[in-house]
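User: I've got a fold here that I'd like to talk through. Could you walk me through it, one question at a time?

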Amino acid sequence: MRRGLPQALAEDRRPAGAQEAGSRRNRQELPACPASVPVFVFPAELVFYADNQSSHKQVLTLYNPFSSVLRFRVLSTAPSRYSVVDAKGHIRPQSCIDIIVRHTDVSTRHYGIVDKFRIEISEEGTRNILGQKDIPSTLYPTKRLEPSPVERRRESPANWYPSYVLSLQRGSSRPLSPGILALHSCVGAVCLCLLILPLQGEPSLLVPESFRVSIIQKLVAAYVLGLLTMVFLQG
């Protein structure tokens, strides 16, 4: 489904000479080619579940953030197992297109096999491939309890607050020891003092010039104080 463009006729996504190989249902190898332009496509992985018919249809969204028209085509290592709508066409500048992928051969013999789709882009009027990206595709019998690597990276919390990550992994937080608590209190007091002190260049009769701080020092003190606040809240 094109966005802002008339829908083009879907074409076969198999490369030249692959028609006979597809009839034998063997997995093809995608040829390597030089790529210098990034291909913006989402999602980075296709996952199908045999017991969930709604998952047999997936959508790949291909973006063109550039200022020129791009041509694209979709190749597959197993073209006999999939049906692709808009497997070849054009993308206008600053627009995108939805490529619909359907799994047409949901069978137990295909469980766990990782197929690949390759999206190639080229500039309008030329045959030189500017960029390419491979999208893995896997069929599972049912939804997995463990998320895929792409889903795990998407759902994992940020590593900015170690105490927060630790409490999530262990299920409960541990109280801080008296020594650690005293250290945190001292560091917090120093950060508060840095935030109270005037900036360099500001007029002040009470604070000498040598005790004035810069904006960077205040930002670092505020960041550390925020981390300590998270530690106290989790503790």
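**Sheet and surface**

Analyst: Let's start inside the sheet: Leu-46 sits across from Ser-137 of β9. This is a predicted model, where local features need pLDDT of at least 70, side-chain atom pairs count only at pLDDT 80 or more, and totals for chains, interfaces and linings use all residues. Residues are numbered from 1 along each chain as its sequence is written, and side-chain values use heavy atoms, with hydrogens and water left out.

User: In which sense do β2 and β9 pair?

Analyst: Strands here are DSSP runs of E with at least two residues, helices are runs of H or I with at least four, and both are numbered from the N terminus. Two strands pair if DSSP finds at least two bridges between them. β2 and β9 have four bridges, and the sense is parallel.

User: What about β8 and β9, how many bridges join them?

Analyst: β8 covers residues 114-123 and β9 covers residues 129-140, and the two run antiparallel. Ser-122 faces Ile-129 of β9. The number of bridges joining β8 to β9 is nine.

User: What is the strand order in the open sheet?

Analyst: Five strands make up this open sheet, with mixed pairing. The edges are β2 (46-49) and β6 (88-91), each pairing on one side only. The order is β2-β9-β8-β4-β6.

User: Are the residues on the two faces of β2 buried or exposed?

Analyst: In a regular strand, side chains alternate between the two faces of the sheet. In β2, Leu-46 and Phe-48 lie on one side, with Val-47 and Tyr-49 on the other. Taking buried as under 20% relative accessible area, exposed as over 50% and partly exposed as in between (1.4 Å probe, protein chains only), these four residues are all buried.

User: How many helices and strands are in the protein chain?

Analyst: Along the sequence, the pattern reads α-β-β-β-β-β-β-β-β-β-α-α-α-α. Of the 235 residues in the chain, 34% are buried. The count is five helices and nine strands.

User: Does Leu-219 count as buried or exposed, and why?

Analyst: Leu-219 belongs to helix α5 (residues 215-234). Its relative accessibility is 53%, so Leu-219 counts as exposed.

User: Which residues form the nonpolar patch on the surface?

Analyst: Contacts aside, a nonpolar patch joins Val, Leu, Ile, Met, Phe, Trp or Tyr side chains within 5 Å, using residues with over 30% relative accessible area and no salt bridge (a Lys or Arg side-chain nitrogen within 4 Å of an Asp or Glu carboxyl oxygen). Together the members have about 410 Å² of accessible area, by the Shrake-Rupley method with a 1.4 Å probe. They are Ile-215, Ile-216, Leu-219 and Val-220.

Technical notes. Patches are made of residues with over 30% relative accessible area and no salt bridge: like charges are joined within 9 Å, nonpolar side chains (Val, Leu, Ile, Met, Phe, Trp, Tyr) within 5 Å.
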